[in-house]
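I opened this entry to record what I looked up in the model.

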Amino acid sequence: MTEQQTRNGMSLQERAFWRQLTEDYDNYLRLMSLRNPMAVKFGLKSCQRCGQCCLRFCTPRPDEIEPIASYLKLSVDELIGKYMVIDTPDCKTFFLRWAKHGEEDITGGRIPPLRTYDRGYCILFDEKSRSCMIHPVRPHEARYVRCWKSGNGSDRNEWGISAWGERDIFKFISDFDPYVFAQSRATETNRVPSNSI
Ligand code: SF4
Ligand code: SF4
(Lines give C-alpha, C1' and ligand atoms only; values in the text may rest on other atoms or scores of the structure.)
(Ligands and ions follow the chains in the order given, each with its own letter.)
Protein backbone atom coordinates (compact mmCIF):
# COMPACT_ATOMS: atom_id res chain seq x y z
CA MET A 1 0.00 0.00 0.00
CA THR A 2 1.12 3.57 -0.66
CA GLU A 3 1.24 6.24 2.04
CA GLN A 4 -1.87 7.76 0.43
CA GLN A 5 -3.75 4.49 0.82
CA THR A 6 -2.96 4.07 4.48
CA ARG A 7 -3.77 7.60 5.61
CA ASN A 8 -6.23 7.40 8.54
CA GLY A 9 -5.73 3.63 8.44
CA MET A 10 -8.10 3.21 5.50
CA SER A 11 -7.52 1.67 2.10
CA LEU A 12 -8.78 3.43 -1.02
CA GLN A 13 -11.67 0.95 -1.16
CA GLU A 14 -12.66 1.69 2.42
CA ARG A 15 -12.51 5.42 1.88
CA ALA A 16 -14.70 5.13 -1.23
CA PHE A 17 -17.23 3.16 0.82
CA TRP A 18 -17.41 5.78 3.57
CA ARG A 19 -17.55 8.59 1.02
CA GLN A 20 -20.60 6.91 -0.53
CA LEU A 21 -22.27 6.59 2.88
CA THR A 22 -21.61 10.27 3.54
CA GLU A 23 -23.03 11.30 0.18
CA ASP A 24 -26.16 9.20 0.77
CA TYR A 25 -26.62 10.80 4.15
CA ASP A 26 -26.10 14.31 2.80
CA ASN A 27 -28.72 13.59 0.13
CA TYR A 28 -31.11 12.53 2.88
CA LEU A 29 -30.45 15.79 4.74
CA ARG A 30 -31.06 17.80 1.56
CA LEU A 31 -34.37 16.00 1.07
CA MET A 32 -35.39 16.73 4.66
CA SER A 33 -34.41 20.39 4.33
CA LEU A 34 -37.08 20.73 1.63
CA ARG A 35 -39.68 19.59 4.16
CA ASN A 36 -38.55 21.64 7.14
CA PRO A 37 -39.51 25.33 7.62
CA MET A 38 -35.91 26.51 7.98
CA ALA A 39 -35.49 30.19 8.87
CA VAL A 40 -33.17 30.74 5.93
CA LYS A 41 -35.89 29.80 3.47
CA PHE A 42 -38.09 32.64 4.70
CA GLY A 43 -35.37 35.25 5.10
CA LEU A 44 -35.71 35.07 8.88
CA LYS A 45 -32.79 35.64 11.22
CA SER A 46 -33.99 33.73 14.24
CA CYS A 47 -34.20 30.01 14.76
CA GLN A 48 -37.62 28.54 14.00
CA ARG A 49 -36.67 25.29 15.74
CA CYS A 50 -37.56 23.41 12.60
CA GLY A 51 -35.29 20.58 13.71
CA GLN A 52 -33.15 20.36 10.60
CA CYS A 53 -29.98 20.89 12.64
CA CYS A 54 -30.98 18.09 15.01
CA LEU A 55 -31.28 15.57 12.21
CA ARG A 56 -27.52 15.46 12.24
CA PHE A 57 -26.81 16.18 15.93
CA CYS A 58 -24.44 18.47 17.73
CA THR A 59 -21.42 17.09 19.53
CA PRO A 60 -20.76 18.24 23.09
CA ARG A 61 -17.24 19.20 24.11
CA PRO A 62 -15.81 17.11 26.96
CA ASP A 63 -16.31 19.95 29.45
CA GLU A 64 -19.96 20.37 28.43
CA ILE A 65 -21.01 16.85 29.41
CA GLU A 66 -21.10 17.26 33.19
CA PRO A 67 -23.24 20.47 33.12
CA ILE A 68 -25.70 18.77 30.78
CA ALA A 69 -25.91 15.73 33.06
CA SER A 70 -26.52 18.06 35.98
CA TYR A 71 -29.29 19.89 34.11
CA LEU A 72 -31.03 16.56 33.46
CA LYS A 73 -30.46 15.54 37.10
CA LEU A 74 -28.38 12.58 35.98
CA SER A 75 -24.87 11.43 36.80
CA VAL A 76 -22.42 11.54 33.89
CA ASP A 77 -22.53 7.72 33.67
CA GLU A 78 -26.33 7.81 33.55
CA LEU A 79 -26.29 10.48 30.84
CA ILE A 80 -23.91 8.42 28.71
CA GLY A 81 -25.88 5.22 29.32
CA LYS A 82 -29.19 6.82 28.41
CA TYR A 83 -28.43 9.20 25.56
CA MET A 84 -24.91 8.85 24.16
CA VAL A 85 -22.80 6.65 21.92
CA ILE A 86 -19.06 6.49 21.28
CA ASP A 87 -17.96 7.45 17.79
CA THR A 88 -14.76 8.29 15.93
CA PRO A 89 -13.80 9.92 12.65
CA ASP A 90 -10.51 8.05 12.27
CA CYS A 91 -10.15 5.28 14.87
CA LYS A 92 -7.61 7.46 16.70
CA THR A 93 -9.69 10.08 18.45
CA PHE A 94 -12.92 8.84 20.02
CA PHE A 95 -15.69 11.05 21.25
CA LEU A 96 -19.13 10.89 22.83
CA ARG A 97 -22.07 12.21 20.89
CA TRP A 98 -25.83 12.03 21.10
CA ALA A 99 -27.49 8.91 19.75
CA LYS A 100 -30.36 9.22 17.31
CA HIS A 101 -33.94 8.23 17.99
CA GLY A 102 -33.84 4.57 17.00
CA GLU A 103 -30.38 4.08 18.45
CA GLU A 104 -31.59 3.58 22.01
CA ASP A 105 -30.43 -0.02 21.74
CA ILE A 106 -26.80 1.08 21.59
CA THR A 107 -26.68 4.02 23.99
CA GLY A 108 -23.80 3.82 26.41
CA GLY A 109 -21.72 1.80 23.95
CA ARG A 110 -19.82 2.09 20.72
CA ILE A 111 -21.93 2.83 17.70
CA PRO A 112 -21.64 0.03 15.10
CA PRO A 113 -19.84 1.80 12.25
CA LEU A 114 -22.56 1.49 9.63
CA ARG A 115 -25.08 3.00 12.02
CA THR A 116 -23.12 6.25 12.02
CA TYR A 117 -25.52 7.17 9.24
CA ASP A 118 -28.80 6.15 10.87
CA ARG A 119 -31.60 8.51 9.88
CA GLY A 120 -33.74 10.46 12.30
CA TYR A 121 -33.45 13.11 14.99
CA CYS A 122 -31.00 13.46 17.83
CA ILE A 123 -32.29 11.52 20.81
CA LEU A 124 -32.66 14.81 22.74
CA PHE A 125 -34.92 16.39 20.13
CA ASP A 126 -38.58 16.28 21.19
CA GLU A 127 -40.54 15.93 17.96
CA LYS A 128 -43.86 16.91 19.57
CA SER A 129 -42.68 20.26 20.89
CA ARG A 130 -40.00 20.59 18.17
CA SER A 131 -37.47 21.58 20.80
CA CYS A 132 -34.24 20.46 22.39
CA MET A 133 -34.58 18.81 25.81
CA ILE A 134 -31.43 20.58 26.98
CA HIS A 135 -31.94 23.90 25.23
CA PRO A 136 -30.59 26.15 28.07
CA VAL A 137 -27.38 24.11 28.31
CA ARG A 138 -27.11 22.85 24.73
CA PRO A 139 -23.56 22.43 23.41
CA HIS A 140 -21.62 25.31 21.92
CA GLU A 141 -21.89 23.69 18.49
CA ALA A 142 -25.69 24.00 18.58
CA ARG A 143 -25.46 27.69 19.53
CA TYR A 144 -22.98 28.34 16.73
CA VAL A 145 -25.02 26.76 13.91
CA ARG A 146 -27.40 29.25 12.29
CA CYS A 147 -28.90 28.32 8.94
CA TRP A 148 -29.17 31.94 7.79
CA LYS A 149 -25.47 32.70 8.27
CA SER A 150 -23.16 32.41 5.29
CA GLY A 151 -20.76 29.49 5.73
CA ASN A 152 -23.20 28.05 8.26
CA GLY A 153 -21.43 25.56 10.49
CA SER A 154 -18.37 25.35 8.28
CA ASP A 155 -15.76 26.48 10.83
CA ARG A 156 -14.51 23.20 12.25
CA ASN A 157 -12.96 24.94 15.25
CA GLU A 158 -16.51 25.56 16.44
CA TRP A 159 -17.49 21.91 16.21
CA GLY A 160 -17.62 19.99 19.47
CA ILE A 161 -15.47 17.23 18.04
CA SER A 162 -12.54 19.65 17.67
CA ALA A 163 -12.26 19.78 21.47
CA TRP A 164 -11.76 16.03 21.86
CA GLY A 165 -8.19 14.77 22.25
CA GLU A 166 -7.02 11.17 21.94
CA ARG A 167 -7.18 10.57 25.71
CA ASP A 168 -10.45 12.35 26.52
CA ILE A 169 -12.67 9.32 26.04
CA PHE A 170 -10.89 7.63 28.97
CA LYS A 171 -12.11 10.39 31.31
CA PHE A 172 -15.61 9.05 30.72
CA ILE A 173 -15.07 5.36 29.97
CA SER A 174 -11.91 4.24 31.73
CA ASP A 175 -11.87 0.71 30.25
CA PHE A 176 -12.51 1.78 26.66
CA ASP A 177 -10.58 -0.32 24.12
CA PRO A 178 -9.93 1.57 20.87
CA TYR A 179 -8.37 -1.49 19.22
CA VAL A 180 -11.67 -3.42 19.26
CA PHE A 181 -13.45 -0.45 17.74
CA ALA A 182 -10.89 -0.02 14.95
CA GLN A 183 -11.20 -3.69 14.04
CA SER A 184 -15.00 -3.60 13.91
CA ARG A 185 -14.97 -0.46 11.76
CA ALA A 186 -12.60 -2.07 9.27
CA THR A 187 -14.75 -5.19 8.88
CA GLU A 188 -17.94 -3.15 8.45
CA THR A 189 -16.58 -1.52 5.30
CA ASN A 190 -17.06 -4.81 3.47
CA ARG A 191 -20.81 -4.71 4.03
CA VAL A 192 -23.55 -3.11 1.99
CA PRO A 193 -25.22 0.00 3.54
CA SER A 194 -28.43 -1.10 5.29
CA ASN A 195 -30.43 2.13 5.41
CA SER A 196 -29.88 4.10 2.25
CA ILE A 197 -32.51 6.68 1.31
S1 SF4 B 1 -31.00 27.12 12.73
FE2 SF4 B 1 -31.51 24.94 12.38
S3 SF4 B 1 -33.31 24.50 13.65
FE4 SF4 B 1 -33.09 26.76 13.47
S5 SF4 B 1 -34.43 27.32 11.75
FE6 SF4 B 1 -32.35 27.03 10.95
S7 SF4 B 1 -32.28 24.86 10.28
FE8 SF4 B 1 -34.06 25.10 11.62
S1 SF4 C 1 -28.59 18.27 21.75
FE2 SF4 C 1 -30.35 19.54 21.29
S3 SF4 C 1 -29.58 21.08 19.84
FE4 SF4 C 1 -28.10 19.40 19.87
S5 SF4 C 1 -28.75 18.05 18.19
FE6 SF4 C 1 -29.68 17.27 20.07
S7 SF4 C 1 -31.72 18.18 20.13
FE8 SF4 C 1 -30.47 19.35 18.67
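I started at Tyr 117, which is partly exposed because 18 other C-beta atoms lie within 10 Å. The classes I used are buried for 20 or more other C-beta atoms within 10 Å of a residue's own, exposed for 12 or fewer, and partly exposed in between, with C-beta atoms placed from the backbone. The model is predicted, so I kept to its limits: local features need pLDDT of at least 70, side-chain atom pairs count only at pLDDT 80 or more, and totals for chains, interfaces and linings use all residues. Residues are numbered from 1 along each chain as its sequence is written, while chains are lettered from A and ligands numbered from 1 in the order in which they are written.

I placed Tyr 117 in the loop between β2 and β3 (125–126). Helices (H or I, at least four residues) and strands (E, at least two) are DSSP runs numbered from the N terminus. Leaving out residues up to four places away in sequence, I found Tyr 117 touching Leu 21, Asp 24 and Tyr 25; contact requires C-beta atoms, placed from the backbone, within 7 Å. Tyr 25 is 92 residues from Tyr 117 along the chain, and their C-alpha atoms are 6.3 Å apart.

**Backbone angles**

I then checked phi. Most residues other than glycine have a negative phi. Phe 57 is not a glycine, yet its phi is positive at about 130°. Phe 57 sits in the loop between α3 and α4 and is buried, because 23 other C-beta atoms lie within 10 Å. Lys 73 also has a positive phi, near 60°, and comes just after α4, in the loop between α4 and α5. Lys 73 counts as exposed because it has 8 C-beta neighbours inside 10 Å.

**Helix α4**

Which residues of α4 are buried? I noted Ile 65, Ile 68 and Ala 69. Seen down the axis of α4, they fall within an arc of 100° (taken from the directions from the helix axis to the C-beta atoms), so they line one face of the helix. Their cover includes α5 and β2.

Beyond its neighbours within four places in sequence, Cys 54 contacts Tyr 121, Cys 122, Phe 125 and Cys 132.

**Ligand shells**

I took a residue as near a ligand if its C-beta atom, placed from the backbone, lies within 6 Å of it. Residues around ligand 2 include Cys 53, Cys 54, Phe 57, Trp 98 and Cys 122. That shell divides into 11 nonpolar, no polar and 1 charged. Around ligand 1 I found, among others, Met 38, Cys 47, Cys 50, Cys 53 and Cys 147. This shell has 7 nonpolar, 3 polar and 2 charged residues. Ala, Val, Leu, Ile, Met, Phe, Trp, Tyr, Cys and Pro count as nonpolar, Asp, Glu, Lys and Arg as charged, and the others, Gly among them, as polar.

**Whole chain**

The protein has 8 helices and 4 strands, in the order α-α-α-α-α-β-β-β-β-α-α-α. Of its 197 residues, 22% count as buried.

Key:
Contact = placed C-beta atoms within 7 Å.
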